2 protein chains.
Amino acid sequence: MTSQSEERSGLSSPRSKITPEREHELYEAVLDLLREGGYEALTMEGVAARTRCGKSTLYRQWGSKPQLVAAALRAQRCVRFSGIDTGSLAGDLREAARAGAERGDRDSLLVQALAHAVLQDEDLRQALREALIHPEISMVDSMLDRAEERGEISAGHPAREFVAAQIFGVLRVRPVLEGRRPHPAEDTAYLQRFVDVCILPALGLEAPAEAAAAGGS
Amino acid sequence: MTSQSEERSGLSSPRSKITPEREHELYEAVLDLLREGGYEALTMEGVAARTRCGKSTLYRQWGSKPQLVAAALRAQRCVRFSGIDTGSLAGDLREAARAGAERGDRDSLLVQALAHAVLQDEDLRQALREALIHPEISMVDSMLDRAEERGEISAGHPAREFVAAQIFGVLRVRPVLEGRRPHPAEDTAYLQRFVDVCILPALGLEAPAEAAAAGGS
């Protein structure tokens with residue numbers, strides 16, 4: 001277990017005092033503090049106080065604030081999108097829309113907290129991509145691969161390139177455009193309508209009948 | 001002129017010492033400082049040093065840092081999208097994509113600098129919307145209105161609701177997805193291809209022949 005946690009944080013110092021469970025708690029606290037106050041306001045003192053962990057331990061184990069934040073992000077590479085496989089691209093994308101909208105507020109608070117810091121710190125930028133972006137892109141990619149294999153869409157369809165950017169772009173930009181916080185239920189309905197009336201038609205598909213009926217009622 | 005600048009900042013105190021030109025310079029400096037270092041790092045001292053303006057003058061005229069930033073944002077409500085009217089929706093949207101991509105880096109640095117602060121400050125959030133979001137939405141709305149009048153798209157087309165969110169969502173999310181800074185020329189080509197293969201087909205339109213030929217070559 002020790003070697004695993006060393007690997008995750010990218011450091012080689014021994015960390016005999018920190019169990020994987022404790023490490024998980026620490027990382028969750030770091031992400032919560034980020035969501036609450038943003039990156040600039042986060043301090044090692046604040047993390048130490050929230051987690052009742054010695055500041056010297058934090059510095060010894062993680063080296064610096066950006067390294068601690070990057071480790072916390074990498075540790076939460078999550079499985080929220082795995083397991084979606086409804087048998088049709090329409091069904092998969094509507095499920096992805098729901099999963100994205102349900103995570104929306106927590107994820108977009110993190111993206112907003114780190115938006116400026118990642119411009120100055122390459123490692124933080126990479127860590128944010130691994131935590132939030134890569135899982136989204138690879139989920140959508142495998143949905144599109146399966147749709148090609150089933151013959152639902154033609155191989156190399158020109159609209160394919162934009163599907164992930166469309167779903168996550170529209171999801172992330174909606175609160176900005178409408179001037180409000182993300183809202184899982186409303187955002188799910190909005191994104192699923194978006195899948196039906198924009199993404200599927202651009203790929204040459206029609207929305208499933210039950211979705212169209214639900215949208216029209 | 002004085003009454004106009006008072007109105008813009010929302011304050012009623014006289015500001016006999018500040019000419020509109022000087023005010024414009026101050027606002028530009030505030031926005032540059034925001035882009036360079038983010039919102040948290042911006043201080044009234046920093047603005048005073050950059051602009052060679054007394055700190056007491058800044059506080060007297062604008063009251064506080066968030067009020068100064070909001071005034072600077074409101075003053076730059078810009079006309080970057082006005083005047084686009086190519087005679088077809090395809091042409092208008094491709095021009096909008098170019099205009100958005102050309103402003104991309106400057107605008108997205110501001111959005112990123114303010115991303116977390118606007119969650120805590122309603123007035124800042126409103127000011128950011130007025131500066132960046134309202135002009136984009138109303139530009140796209142008038143393009144779609146004209147397309148309806150010309151009969152290019154049917155009135156109340158279900159995909160219409162998503163056009164602005166698609167263009168600006170994809171524009172803003174692309175650097176995040178691809179892990180790099182905005183790039184005007186590449187982003188223009190990418191967004192214009194997106195207009196051709198996703199937005200127009202979802203509205204039931206085909207990309208103009210010259211655009212399709214350019215994309216295929």
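This is a predicted model: local features need pLDDT of at least 70, side-chain atom pairs count only at pLDDT 80 or more; totals for chains, interfaces and linings use all residues.
Mentor: Residues are numbered from 1 along each chain as its sequence is written, chains are lettered from A and ligands numbered from 1 in the order in which they are written, and side-chain values use heavy atoms, with hydrogens and water left out.

Trainee: What makes the pattern of chain A a row of α symbols?

Mentor: Helices are DSSP runs of H or I with at least four residues, strands are runs of E with at least two, and both are numbered from the N terminus. Chain A has eleven helices and zero strands, and its pattern along the sequence reads α-α-α-α-α-α-α-α-α-α-α.

Trainee: Why is A:Leu171 called buried?

Mentor: A residue is buried under 20% relative accessible area, exposed over 50% and partly exposed in between (1.4 Å probe, protein chains only). A:Leu171 has a relative accessible area of 10%, so it is buried. This residue is found in helix H9 of chain A. Contact means heavy atoms within 4.5 Å; leaving aside neighbours within four places in sequence, A:Leu171 is in contact with A:Gly100, A:Ala101 and A:Leu191.

Trainee: How do you know that helix H5 of chain A is largely enclosed by the rest of the structure?

Mentor: Eight of the eleven residues of this helix (residues 65-75) are buried, so the helix is largely enclosed. Among the buried residues of H5(A) are A:Lys65, A:Leu68, A:Leu73 and A:Arg74. Over chain A, buried residues make up 52% of the 217 residues.

Trainee: Why are the buried residues of helix H3 of chain B said to line one face?

Mentor: The buried residues of this helix (residues 44-51) are B:Met44, B:Val47, B:Ala48 and B:Thr51. Seen down the axis of H3(B), they fall within an arc of 100°, so they line one face of the helix. The arc is that of the directions from the helix axis to the C-beta atoms. What covers these residues includes helix H2 (20-37), helix H4 (55-62) and helix H5 (65-75) of chain B.

Trainee: What makes B:Arg52 worth a remark, and is this residue buried or exposed?

Mentor: Most residues other than glycine have a negative phi. B:Arg52 is not a glycine, yet its phi is positive, near 55°. The residue follows H3(B) and is found in the loop between H3 and H4 of chain B. At 78% relative accessibility, B:Arg52 counts as exposed. In chain A, A:Arg52 has a positive phi of about 50°, and at a relative accessible area of 79% A:Arg52 is exposed.

Trainee: What makes a space a pocket, and what is the volume of the largest pocket?

Mentor: On a 1 Å grid over the protein atoms alone, a pocket is an open set of points with protein on both sides within 12 Å along at least five of seven lines, and lining residues have an atom within 4 Å of a point. A volume is the space filled by probe spheres set on the points, which are joined across faces, edges and corners. The largest pocket has a volume of about 800 Å³. Of the 38 residues that line the largest pocket, the closest to its centre are A:Val111, A:Ala115, B:Val111, B:Gln112 and B:Ala115.

Notes: On a 1 Å grid over the protein atoms alone, a cavity is a set of points where a 1.4 Å probe fits but cannot get out, and a pocket is an open set with protein on both sides within 12 Å along at least five of seven lines; lining residues have an atom within 4 Å of a point.
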